[in-house]
Amino acid sequence: MTAANALMSLRTPPSRLRQARRQLLETGELGAGLLDARLHASWQRSRAYGLAPEGRPQGVPHASAAQLARALEQRRALLAQARPVMEFVAEQVRASDSLVILADPQGMLLHALGDDGFADKAARVALRPGAVWLEQWRGTNAIGTALADGRPVVINGAEHYLERNGFLTCAAAPIVDSSGALLGVLDISGDRRGYHPHTLGLARLAARMIEHQLFVARHGGGLVLRLHSRPEGLDTVTEGLLALADDGLILGANGLGLEWLGLAPSALGRCTVEAALGLRMQELLADAHGAHGSQPRRLQRVDGSLIYGRLDGARPLQPRPRMAPPAATALLTTAPPASAPAPDALSALDTGDAVVHKLIERARRVLAKPIALLLQGESGVGKELLARACHQSGPRRAGPFVAINCAALPEHLIEAELFGHRPGAFTGALKDGAPGLLRRAHGGTLFLDEIGDMPLALQARLLRVLQERQVSPLGGGQPVAVDFALICASHRRLCEEVDAQRFREDLYYRINGLSLQLPPLHERSDFAALVQRLLTEAEPSCSVSVEPDVLALLARHRWPGNLRQLANVLRTCCALLDADEAQIGWSHLPDDMAEELQALARAEHVQPEQEQEKKEEAPLELDLRQASSRCVQQALALAQGNRSEAARRLGVSRNTLYRKMREAGLDDRLDGRLNARLHGQLD
């Protein structure tokens, strides 16, 4: 199938659609030739899921507010790049009864922009954030079908499997990251009466713009080879992009970069630019360092056709230092010291806390060494932030950063996700197979989050990969060599998990090269600086601060969710600021946080009063004890040590007198010297 056919709308004549639907309702079967091949396959999948075309979907999952918030947090990088593009697209389709929608790989709608009138209509069929639009729940639809076969698609009117969605026309394009992983779908949905064939092109362009921005955010600081059939096409969203290692290995690419070179995503991390273009990396670097380094050069593809390319990000060649003559030796000792290294991602995390500063310095010392990092600490303390900063500050920053949450992957899929699989390795396997996340980390950093939740059986396979540095896919095949820096994280104490036999001891010692314990937020001394950093990230275009009294209470809050909770609260506060406001106060706090801080303020007000009461009571208690001791001493002195007489004078029993003597530190066997001392006190 050609690229043009793969991207075409599935427009089917209405008469054939009606015939196909009637046949499906009456016989439960679909005859060949009535529908486009892709539409036919999608309707067949929908039928296999047990969906009734004329009915309402049953049991469709819909995310709660908390689940949606977690999904938005997990896709924060995608949303950051997608929102400006979505706003641009929404402006282009304004007043056309349309919505611009972003969905994640599980079909959950994350964000939507567009006409309010159509949004209300779309909400009747749950076309709103939090709803899930996979084919298994909603039948044939642009979002679900684009996710199912990984290609842009238009589903118009009655092409939707469920009749209740027939009023929609939807165009969707997948969004893929530079490692080939599916990140989500960009969809434009509207009233079918406003269908326009250009909508699919707009959706594809928007997805391409998002992919371009994501590529730049990940690889912009490294070696990037830009490709286009025309030199004027470089530095536009129509260019192909390749992220290269110093030796020419292709670490990442956008879709157009793969298309220009005729490569599959599985080639990433395995193919070199020399194999793809017949050009040695040294030649590219020499061109970049030459007098015309910014000029594109003509490159020949494997099929013989020409393409233009330009290598960006190449560091200037450093001249070899010459030995100073003997007479200059004294001058060298008085030369000014070398300037401090430029701030990097790790420096940005060092905001003044002594514990954090120490662990950052320890992490920095092992970045260029084959030593695994193990990050431990409570949930939300910033383990992934530190892992990403280590990657961005280390020698592998031009390579991919592959983060895997071992607690989030379904147990029956985690093995295939990590190690990859060959075509047909198991029921539901991708027809072309998959390289696996471990291979995608080749040349970069592999971050295994919550590794303490990895099943024991997979721990054994992971240990073998770490020992042999080779990955064998499910279903057989030759092992593939992998090379990556390893960072693991867990909120569990892994040494205790080893003692409880829930974590392999040999794997623990393999991943525990340098263990770093991140402090919880309430123990850090740099709270104000952290708040300012998070505010800058939330509102980079303006200066936002927090009222001093509110900031003081925030600093004394326990923050069970740590940095993640603080960042969410501050982002919400920024969203509630008016256009002319630049300071967060009580009115901008979420209701639950305001209640917690007010309760904290009341408790702190009551506590000093209680402490003062204790201070006022303490002297009285002390005076009574001292007065009792003096009375006992005086009675004993007057009775000349006769305990019975002293008890009579005090009006207490002898047992009580003995107890009072012990409390006063007086020996009940008084001798003459004590009597003399007591008499002296009376005199």
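Two strands count as paired if DSSP finds at least two bridges between them. I take strands (E, at least two residues) and helices (H or I, at least four) as DSSP runs, numbered from the N terminus.

**Ground rules.** I am working on a predicted model, where local features need pLDDT of at least 70, side-chain atom pairs count only at pLDDT 80 or more, and totals for chains, interfaces and linings use all residues. Residues are numbered from 1 along each chain as its sequence is written, and side-chain values use heavy atoms, with hydrogens and water left out.

**Sheet with S6 to S10.** I looked up the strand order and found an open sheet of five strands, S8-S7-S6-S10-S9, with antiparallel pairing. At the edges stand S8 and strand S9 (297–300), each pairing on one side only. Neighbouring strands here are turned by 35° against each other on average, direction ignored; the axes are lines fitted to C-alpha atoms, and angles run from 0 to 180 degrees between N-to-C directions.

I then went through the pairs. Strand S6 (residues 223–228) runs antiparallel to S7 over five bridges, and Val-224 lies opposite Ala-243 in S7. S7 (residues 240–244) is joined to S8 (residues 250–253) by three bridges, again antiparallel. Ala-243 has Gly-252 in S8 as its bridge partner. The hairpin of S7 and S8 has five residues between the strands, and Gly-248 takes a positive phi near 95°.

**Sheet with S1 to S5.** Which order do the strands take in this open sheet? I read S2-S1-S5-S4-S3, five strands with antiparallel pairing. S2 and strand S3 (153–156) are at the edges with a single partner strand each, so one side of each has no neighbour in the sheet.

S1 (residues 98–103) and S2 (residues 109–114) pair antiparallel over five bridges. I noted Leu-99 with its bridge partner Gly-114 in S2, and Ala-103 opposite Leu-109 in S2. S1 and S2 form a hairpin with five residues between them, and Gly-107 in the turn has a positive phi of about 80°.

**Surface charge.** I also checked a patch of negative charge on the surface, where Asp-591, Asp-592, Glu-595 and Glu-596 gather. Patch residues have over 30% relative accessible area (Shrake-Rupley, 1.4 Å probe) and no salt bridge (a Lys or Arg side-chain nitrogen within 4 Å of an Asp or Glu carboxyl oxygen), with like charges joined within 9 Å. Asp-592 sits in helix H25 (residues 591–638).

How values were computed: Patch = residues over 30% accessible without salt bridge, like charges linked within 9 Å, V, L, I, M, F, W, Y side chains within 5 Å. Lys, Arg positive; Asp, Glu negative; His and termini not counted. Charge placed at Lys NZ, Arg CZ, Asp CG, Glu CD.
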